[in-house]
Amino acid sequence: PEFGDMNEDVETTATDSLPFADQEDFSDASPSRRKCGVCEEHLCLCPFLPESPFPTPGLDSVLVLTHPSEHRCFNNSIRGALPRCIAGSQILIGRSFPRGRFPILDTALTRPQNTIVVYPTAQAEPLQRVVSRCVAPVTLIFIDATWTSAGRMLRRRPELSSWPTMAVITDAECLTPHRLFLTRLPPCRPQRRSNAVTATPLSTAEAIAAATQFVAEVFGSSEHCQGPAALLSVLRARVQLQLQFYPA
């Protein structure tokens with residue numbers, strides 16, 4: 001078992017209720033622990049963030065179910081950027097998501113015609129095909145965790161693991177042919193089914209950008225959808241900042 005999952009009684013919370021870094025006392029903290037009080041990042045991304053998030057045609061919300069360990073991870077790809085780039089996005093933090101803890105998630109899971117869970121199960125279909133069958137406004141649900149933790153998080157909320165509209169992002173649907181992050185392949189092997197789709201390993205930010213772009217194309221105009229490009233731009237800036245600390 002993962003050591004981060006041994007304490008199952010940790011309180012699940014939304015990012016709105018988390019303390020910002022500038023509310024903490026960092027007088028004795030090492031530089032490696034300090035975070036920006038605005039973007040919550042060790043390497044400040046504020047110069048690269050838009051002033052306000054961009055709306056996406058046909059999109060109601062983006063819900064990212066994030067494991068606490070993933071939210072604390074230095075390389076988390078969405079923590080400071082997502083709420084500032086895509087309007088309607090929320091990061092919900094916890095190891096489990098029982099009914100009543102997050103009303104916005106409970107509501108989304110009563111609307112199968114509007115809600116898509118983007119996760120690579122053997123039953124999942126290509127994202128574009130799933131989006132074209134949905135009714136606007138669409139809610140997109142993502143899992144941000146290691147593959148092991150993500151599987152546990154899905155199983156703890158039965159509606160998620162058996163959701164009828166599950167989608168994967170294929171190579172043809174990806175907005176970043178050259179991956180910005182190296183991501184492990186999913187543990188499931190859908191190629192065992194003759195009609196299954198192989199998922200493209202992407203960071204959470206890249207997956208959200210691709211999904212919101214397709215929602216805009218189906219229900220509106222991608223020309224007026226600036227959120228995905230803004231999110232990827234921040235991710236590229238983050239990668240470049242981190243590369244400064246690696247030997248050439």
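This report covers confidence, strand pairing, nonpolar cores and salt bridges in a predicted model.

The model is predicted, with local features requiring pLDDT of at least 70 and side-chain atom pairs counted only at pLDDT 80 or more, while totals for chains, interfaces and linings use all residues. Residues are numbered from 1 along each chain as its sequence is written, and side-chain values use heavy atoms, leaving out hydrogens and water.

**Confidence.** The protein chain has an average pLDDT (the predictor's confidence in each residue, from 0 to 100) of 79, and 75% of the residues reach at least 70. Residues 1-31 stay under 50, and the model has 47 contacts (heavy atoms within 4.5 Å) for them beyond four places in sequence. Residues 189-196 are also below 50, with eight contacts beyond near neighbours in sequence.

**Strands.** Helices (H or I, at least four residues) and strands (E, at least two) are DSSP runs numbered from the N terminus; two strands pair if DSSP finds at least two bridges between them. Strand β2 (residues 59-66) has seven of its eight residues buried, where buried means under 20% relative accessible area, exposed over 50% and partly exposed in between (1.4 Å probe, protein chains only). Val-64 is opposite Phe-142 in β6 and has Ile-91 as its bridge partner in β3.

**Cores.** A nonpolar core is a set of buried Ala, Val, Leu, Ile, Met, Phe, Trp, Tyr and Cys residues joined through side-chain atoms within 4.5 Å. The largest has 39 residues, and Ile-116, Leu-140, Phe-142 and Ile-208 have the most contacts inside it. Helix α7 (204-219) gives the most to this core, with seven residues. Another core, apart from it, has 21 residues, among them Leu-63 and Phe-102.

**Salt bridges.** The structure holds eight salt bridges, each a side-chain nitrogen of Lys or Arg within 4 Å of a carboxyl oxygen of Asp or Glu.

| Pair | N to O distance |
|---|---|
| Glu-41 and Arg-79 | 2.8 Å |
| Arg-238 and Glu-41 | 2.9 Å |
| Glu-125 and Arg-133 | 2.8 Å |

Glu-41 lies in the loop between β1 (13-14) and β2, and Arg-79 in the loop between α1 (68-72) and α2, so this pair ties together parts 38 residues apart in sequence. Arg-238 lies in helix α8, so its pairing with Glu-41 ties together parts 197 residues apart in sequence. Glu-41 is buried at 2% relative accessible area, and Arg-238 is buried at 6%. By contrast, Glu-125 is partly exposed at 21%, as is Arg-133 at 46%.
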